[in-house]
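Subject: Structure handover and notes

Dear colleague,

Please find below the structure I promised to pass on.

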Amino acid sequence: MIARYINAILITGGGIMLLVGLQFIAPQQLLHIQNLVVSDSAGLLFARHWGLLVACLGGLTVYSAYHPPLRIPVIIAVTIEKVCLVGVLLASMDDPALKPMLPVIALDGLFIVLFLLYLSGKRNAAE
């Protein structure tokens with residue numbers, strides 16, 4: 001059932017991830033909007049790098065919406081990234097500085113569920 005909507009899911013999820021790429025361009029401004037404070041140069045470097053990586057995965061996600069042979073490997077890679085991020089954030093929730101990341105946990109959690117449903121449907125169809 002979810003396969004019917006996978007293009008919209010990939011374009012929406014990938015588009016959101018592409019927006020995170022703005023953090024590569026303007027890390028301090030985007031971190032400020034999220035109520036996150038990073039003041040040292042190493043932290044800003046990692047924030048930029050993270051923004052770039054997420055944008056690259058977002059671009060691949062959108063691309064896979066139009067190139068079906070790439071969907072499964074891209075969805076697997078993106079799901080692994082999201083599971084790891086959500087896991088690290090959940091394990092770090094006792095740090096008050098990370099409370100602004102709750103929307104990230106919710107949104108990435110939603111896409112994890114959608115992507116796993118899609119992958120399980122593909123697996124069941126192959127059997």
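The protein chain exposes about 7700 Å², of which carbon and sulfur atoms supply 73%; accessible areas here come from the Shrake-Rupley method with a 1.4 Å probe, and for residues only the protein chains shown count as cover. This is a predicted model, in which local features need pLDDT of at least 70 and side-chain atom pairs count only at pLDDT 80 or more, while totals for chains, interfaces and linings use all residues. Residues are numbered from 1 along each chain as its sequence is written, and side-chain values use heavy atoms, with hydrogens and water left out.

On the overall fold, the protein chain holds 6 helices and 0 strands, and its pattern along the sequence reads α-α-α-α-α-α; helices (H or I, at least four residues) and strands (E, at least two) are DSSP runs, numbered from the N terminus. The C-alpha trace spans about 50 × 30 × 20 Å along its principal axes. Of the 127 residues, 37% count as buried, where buried means under 20% relative accessible area, exposed means over 50%, and partly exposed lies in between (1.4 Å probe, protein chains only).

As for charges, the protein chain has 7 positive and 6 negative side chains, and the centres of the two sets lie 15 Å apart. Lys and Arg count as positive and Asp and Glu as negative, whereas His and the chain ends are not counted; the place of a charge is taken as NZ of Lys, CZ of Arg, CG of Asp or CD of Glu.

A search of the whole structure finds 1 salt bridge, that is, a side-chain nitrogen of Lys or Arg within 4 Å of a carboxyl oxygen of Asp or Glu. Aspartate 108 forms it with lysine 82, and the closest N and O atoms are 2.9 Å apart. Because aspartate 108 lies in helix α6 (residues 102-126) and lysine 82 in helix α5, the pair ties together parts that are 26 residues apart in sequence. Both partners fall in the buried class, lysine 82 with a relative accessible area of 3% and aspartate 108 with 9%. Leaving aside neighbours within four places in sequence, lysine 82 is in contact with Met17, Asp108, Phe111, Ile112 and Phe115.

Isoleucine 16, in helix α1 (residues 6-20), is partly exposed at 31% relative accessibility and touches Leu107 and Phe111, not counting residues up to four places away in sequence. Alanine 65, in helix α4, is buried at 3% relative accessibility, and with the same exclusion of residues up to four places away it touches Asn7, Leu10, Ile11 and Arg71. The C-alpha atoms of alanine 65 and alanine 8 are separated by 7.9 Å, although the two are 57 residues apart along the chain.

Finally, two loop positions. Proline 68, in the loop between α4 (41-66) and α5 (71-91), is partly exposed with a relative accessible area of 49%, and its C-alpha is 9.4 Å from that of asparagine 7, which is 61 residues apart from it in sequence. Asparagine 35 sits in the loop between α3 (27-33) and α4 and is exposed, with a relative accessible area of 62%. Its phi is near 60°, a positive value in a residue other than glycine. Most residues other than glycine have a negative phi.

Key. Contact means heavy atoms within 4.5 Å.
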